Amino acid sequence: MIAPRTNAPRETAGSRPPHRRGLNHIARRVVMSAAVAAFCGLALWSERGMQHRQALAQTLQAADSLKWYRGNIHTHSLWSDGDDYPEMIAVWYKEHGYDFLCFTDHNILPTIERWTEPAKNKGGQLAYDKLKQRFPEDWIDERTVDGRVEVRLKTFAEISQKLAEPDKFLLIQGEEITDRFKNLPVHINASNVRELVTPRGGESVYQVMQQNVDAVVAQRERTGQPMLVHLNHPNFGYAVTAEDLMRVRGENFFEVYNGHPSVHNSGDAQHASAERMWDIILTRRISELDMPLMFGLATDDGHEYHNIPSRASEPGRGWIMVLAQNLAPQSLISALEAGRFYASSGVALEKVTSSSEGLEVKVAAEPDVTYTIEFIGTRKGYDDSSQPVTDNKGDEIWTSRKYSNELGTVLSSVKAAGAKYEFQGDELYVRARITSSRQHPNPSEPGEFERAWVQPLRGPGATTESPGDR
Ligand SMILES: [Zn+2]
Ligand SMILES: [Zn+2]
């Protein structure tokens with residue numbers, strides 16, 4: 001699907017985004033607290049080329065007080081356009097090796113009284129029969145109105161009380177803030193949100209993103225409750241460009257992998273993949289914008305739960321592994337903000353070490369599976385020219401610009417279950433992507449291999465360009 005052109009402001013060739021100005025106080029405080037958390041006493045000073053620099057030094061590995069927690073933070077149920085009852089979805093995740101799940105229905109929180117008709121809702125009689133089979137009669141609230149059977153959707157609090165178990169399974173309240181600019185969908189997830197965020201709208205895709213992110217950040221500040229905000233499926237409707245997303249203050253997470261089969265994770269001939277967008281954003285945030293790193297998430301965005309596997313939008317395709325002190329929203333969100341996690345569509349990691357020397361990855365290797373570890377980054381002095389993408393009539397297409405291959409280049413590639421990348425001295429950042437020799441059993445896009453994505457680490461080339469957010 002190619003989105004038509006809009007009146008949103010675009011960058012022209014060779015132009016630079018506006019200098020930071022009018023930075024929202026609240027956004028800045030959140031950014032700074034994330035940066036402070038990231039260092040948490042582990043900052044190192046090292047000397048290279050007579051310049052001092054700080055680098056994040058940390059080892060991600062399960063230890064006495066730290067555990068890997070597996071979770072999905074993008075989920076739909078009958079509260080919006082999913083086809084199953086939320087408690088049944090929670091059971092699915094609980095029984096498939098997940099530690100936490102965040103419900104994110106469209107523009108609604110599961111906190112109110114709502115009745116649904118099994119004969120007419122998206123799940124139909126099948127979903128209702130399964131619910132009745134799994135849960136005892138005294139769990140289900142059924143009534144008959146004018147001869148029609150209705151069932152009450154359980155609230156988040158009821159479901160959490162029934163199914164959550166300390167340090168075993170956590171449910172998190174969330175919302176998919178579902179907004180748009182003209183015909184371009186802009187969807188933003190708020191995890192651990194307390195109050196409903198109504199879509200804020202705006203005069204451009206960029207402004208719609210910024211105003212919704214600001215609303216979540218403001219709620220977080222006002223309530224003191226930790227919340228995570230992330231940009232969903234940038235290539236859904238090819239709505240979000242790298243140039244717009246990179247400028248959104250307070251938006252430091254996005255979906256590099258979304259399990260829904262209609263979101264174009266890989267892009268196409270004209271549209272950059274989500275992963276390509278990640279490299280464009282990282283490069284320009286570090287070299288020009290003086291903004292924090294963008295972190296990459298994998299999520300399911302499941303809507304359909306009754307015929308797995310199929311080509312519908314289903315659970316189990318992409319998740320995050322978070323290294324945290326305990327299974328609680330506060331602990332998980334602070335770990336995410338400190339970059340103590342990786343995204344996965346099937347590959348498990350044993351250890352990730354980042355330091356002033358470089359980045360090291362060790363896969364939790366499985367028998368008869370081989371792995372390719374790629375270290376990806378951009379070197380200082382990269383060719384920063386870019387061009388708009390045009391159609392065959394020469395008209396500009398609404399999409400991320402085309403950049404040189406020096407952005408997000410593969411710095412090294414190793415076929416092994418473990419590898420280390422040592423900084424050469426000019427890298428702005430490095431991240432790692434691990435690809436398995438095993439095909440994804442139920443992929444977002446046909447032909448995918450299982451993967452893991454390690455979060456980016458600033459390199460020595462990022463030294464003095466970004467004093468504001470180190
Ligand atoms: Zn969405
Ligand atoms: Zn969704």
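Colleague: Which residue in strand 16 is the bridge partner of Gln58?

Modeller: This is a predicted model, where local features need pLDDT of at least 70 and side-chain atom pairs count only at pLDDT 80 or more, while totals for chains, interfaces and linings use all residues. Residues are numbered from 1 along each chain as its sequence is written, and chains are lettered from A and ligands numbered from 1 in the order in which they are written. Strand 3 runs antiparallel to strand 16 (residues 349-354), and three bridges join them. Within strand 16, Gln58 has as its bridge partner Ser354.

Colleague: How many helices and strands does the protein have?

Modeller: Both are DSSP runs numbered from the N terminus: helices are H or I of at least four residues, strands E of at least two. Counted that way, the protein has eight helices and 24 strands.

Colleague: How far apart are the end C-alpha atoms of helix 5?

Modeller: Helix 5 covers residues 205-223, which is 19 residues. The expected span is 1.5 Å times one less than the number of residues, so helix 5 should span 27 Å. That agrees with the distance between its end C-alpha atoms, 27 Å.

Colleague: What residue follows helix 5?

Modeller: Inside the helix, the buried residues include Val205, Met209, Val213 and Arg220. The residue that follows helix 5 has a positive phi, near 75 degrees, and is Gly224.

Colleague: Is Tyr238 buried or exposed?

Modeller: Tyr238 lies in the loop between strand 11 (228-231) and helix 6 (242-246), and its phi is positive, about 40 degrees, although it is not a glycine. A residue is buried if 20 or more other C-beta atoms, placed from the backbone, lie within 10 Å of its own, exposed if 12 or fewer, and partly exposed in between. Because Tyr238 has 23 C-beta neighbours inside 10 Å, it counts as buried.

Colleague: And how does Asn107 count, with its 15 C-beta neighbours inside 10 Å?

Modeller: Asn107 also has a positive phi, near 55 degrees, without being a glycine. Its place is the loop between strand 5 (100-106) and strand 6 (115-116). With 15 C-beta neighbours inside 10 Å, Asn107 counts as partly exposed.

Colleague: What is the C-alpha to C-alpha distance between Glu255 and His230?

Modeller: Glu255 is in strand 12 (residues 253-258) and is buried, with 28 other C-beta atoms within 10 Å. Beyond its neighbours within four places in sequence, Glu255 is in contact (C-beta atoms, placed from the backbone, within 7 Å) with residues including His230, Ala274 and Leu297. Glu255 and His230 are 25 residues apart in sequence, yet their C-alpha distance is 7.5 Å.

Colleague: Where does Pro309 lie?

Modeller: Pro309 is worth a look for its backbone. The peptide bond from Ile308 to Pro309 is cis, with omega near 0 degrees. Pro309 itself lies in the loop between strand 13 (295-299) and strand 14 (319-324).

Conventions:
Two strands pair if DSSP finds at least two bridges between them. Two residues are in contact if their C-beta atoms, placed from the backbone, lie within 7 Å.
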